[in-house]
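User: Can you walk me through this model? I'd like the overall layout, then the charged pairs.

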Amino acid sequence: MADIRNTKAFKALAAQTEAELLTRGLDVVSVAVTNVLAHNVERVAGRLGIQPRSALRYMEPSAVAEQIAKASAMDTDGAHTVHGVRPVRVDDRTAHMPRWVCSRPLMALAQAVKYASSNGDSRTVQHATDLIFEIGLAIGADSASDSAGVPLGLLDEAADVIEQVAARIETDGWSMCPCGEEHGQSAADIKVPGVMRGDAELIRKIRAMGDGS
């Protein structure tokens with residue numbers, strides 16, 4: 001399968017699949033699309049007893065995109081292990097805010113990372129960590145300025161991730177220490193969702209004040 005990925009036909013199918021995913025509101029890293037498409041080609045070639053190049057004709061970009069979309073849906077079993085899938089950022093404008101204000105979403109996202117990591121949700125860990133990194137880049141972009149320009153789409157994602165983690169704490173019993181033993185942590189966990197939703201609300205207020213430049 002190493003050579004089939006380098007053919008024009010395969011690359012064209014991969015590009016069409018990525019375009020199909022965008023219409024579904026999903027931005028998927030190219031290597032993930034390539035891996036799924038290559039797996040499908042190999043599977044079809046094996047079933048039909050044909051060469052991978054011949055199996056390409058049976059690949060439908062919309063069907064592959066639907067397969068990826070279903071596998072990455074949050075209510076699908078195992079979706080927490082899916083990486084490289086992000087919502088499409090429709091709004092690329094920026095919100096300019098004082099640098100010190102950025103500390104609040106950073107702390108809330110760090111809290112989300114801790115809970116997701118402690119409860120085996122590597123997908124949320126990666127997403128929240130990426131957002132923390134992006135905010136850090138925005139803060140450091142112009143050290144001479146008192147404000148930082150943060151993409152509005154980034155703030156939308158941050159608020160959504162934080163609220164999702166708050167919901168998992170309430171509905172799925174997420175804990176910073178999911179050992180199952182009672183040692184006072186559960187009492188602390190109960191208070192966290194309210195705080196995290198307050199953080200998400202603040203982020204949305206910051207987003208609403210963005211000047212859209």
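Analyst: We'll go from the overall fold to individual side chains. Keep in mind that this is a predicted model.

User: How many helices and strands are there in the protein?

Analyst: The protein has eight helices and four strands. Along the sequence, they come in the pattern α-β-α-α-α-β-β-α-α-β-α-α.

User: What box do the C-alpha atoms fill?

Analyst: Roughly 60 × 50 × 25 Å, taken along the principal axes.

User: And what share of the residues is buried?

Analyst: Of the 213 residues, 36% are buried. The exposed surface comes to about 11600 Å². Carbon and sulfur atoms supply 55% of that area.

User: What share of the contacts comes from residues 24 or more positions apart?

Analyst: Such pairs account for 77%, counting contacts with a separation of 6 or more.

User: Switching to charge. How many positive and negative side chains are there?

Analyst: There are 22 positive and 28 negative side chains. The centres of the two sets lie 6 Å apart.

User: How many salt bridges does the structure hold?

Analyst: It holds 13 salt bridges. Side chains of opposite charge can pair when their charged atoms come close.

User: Take Glu-66. Which residue does it form a salt bridge with?

Analyst: Arg-24. The closest N and O atoms of Glu-66 and Arg-24 are 3.1 Å apart. Glu-66 lies in helix H4, while Arg-24 is in the loop between helix H1 (8-23) and strand S1 (26-28), so the pair ties together parts 42 residues apart in sequence.

User: Which residues are linked with Arg-24 in a network of salt bridges?

Analyst: Glu-20 and Glu-66 are linked with Arg-24 in that network.

User: How accessible are Glu-66 and Arg-24?

Analyst: Glu-66 is partly exposed, at 31% relative accessible area. Arg-24 is also partly exposed, at 32%.

User: Next, Asp-121. What does its side chain meet in a salt bridge?

Analyst: The side chain of Arg-168, with an N to O distance of 3.8 Å.

User: Is Asp-121 buried or exposed?

Analyst: Asp-121 counts as buried because its relative accessibility is 3%, and the cut-off for buried is under 20%. Arg-168 is partly exposed, at 28%.

User: What about a pair within one helix? Where are Lys-205 and Glu-201?

Analyst: Both are in helix H8 (residues 185-208). They are four residues apart, so about one helical turn separates them.

User: Are Lys-205 and Glu-201 buried or partly exposed?

Analyst: Lys-205 is partly exposed at 48%. Glu-201 is partly exposed at 46%.

User: OK, Arg-104. Where is it, and what does it contact outside its sequence neighbours?

Analyst: Arg-104 is in helix H5 (residues 103-118). Leaving aside neighbours within four places in sequence, Arg-104 is in contact with Asp-199 and Leu-202. A polar contact of 2.4 Å joins the side chains of Arg-104 and Asp-199.

User: 2.4 Å, noted. How exposed is Arg-104?

Analyst: Arg-104 counts as partly exposed, at 34% relative accessibility.

User: And how far apart are Arg-104 and Leu-21 in space?

Analyst: 32 Å, C-alpha to C-alpha. In sequence, Arg-104 and Leu-21 are 83 residues apart.

User: Now the histidine in H6. What does His-127 touch?

Analyst: His-127 lies in helix H6. Not counting residues up to four places away in sequence, His-127 touches Arg-86, Pro-87, Glu-157 and Val-161. His-127 counts as buried, at 12% relative accessibility.

User: Last one, Ser-72. Which backbone oxygen lies 3.1 Å from a polar atom of its side chain?

Analyst: That of Ala-69. Ser-72 is found in helix H4 (residues 61-72). Ser-72 is buried, with a relative accessible area of 4%.

Terms used: Residues are numbered from 1 along each chain as its sequence is written. This is a predicted model: local features need pLDDT of at least 70, side-chain atom pairs count only at pLDDT 80 or more; totals for chains, interfaces and linings use all residues. Side-chain values use heavy atoms; hydrogens and water are left out. Helices (H or I, at least four residues) and strands (E, at least two) are DSSP runs, numbered from the N terminus. Buried means under 20% relative accessible area, exposed over 50%, partly exposed in between (1.4 Å probe, protein chains only). Contact means heavy atoms within 4.5 Å. Accessible areas come from the Shrake-Rupley method with a 1.4 Å probe; for residues, only the protein chains shown count as cover. Lys and Arg count as positive and Asp and Glu as negative; His and the chain ends are not counted. The place of a charge is taken as NZ of Lys, CZ of Arg, CG of Asp or CD of Glu. A polar contact is a pair of N or O atoms within 3.5 Å; within protein, one must be able to donate a hydrogen and the other to accept it, and residues adjacent in sequence count only if both atoms are side-chain atoms. A salt bridge is a side-chain nitrogen of Lys or Arg within 4 Å of a carboxyl oxygen of Asp or Glu.
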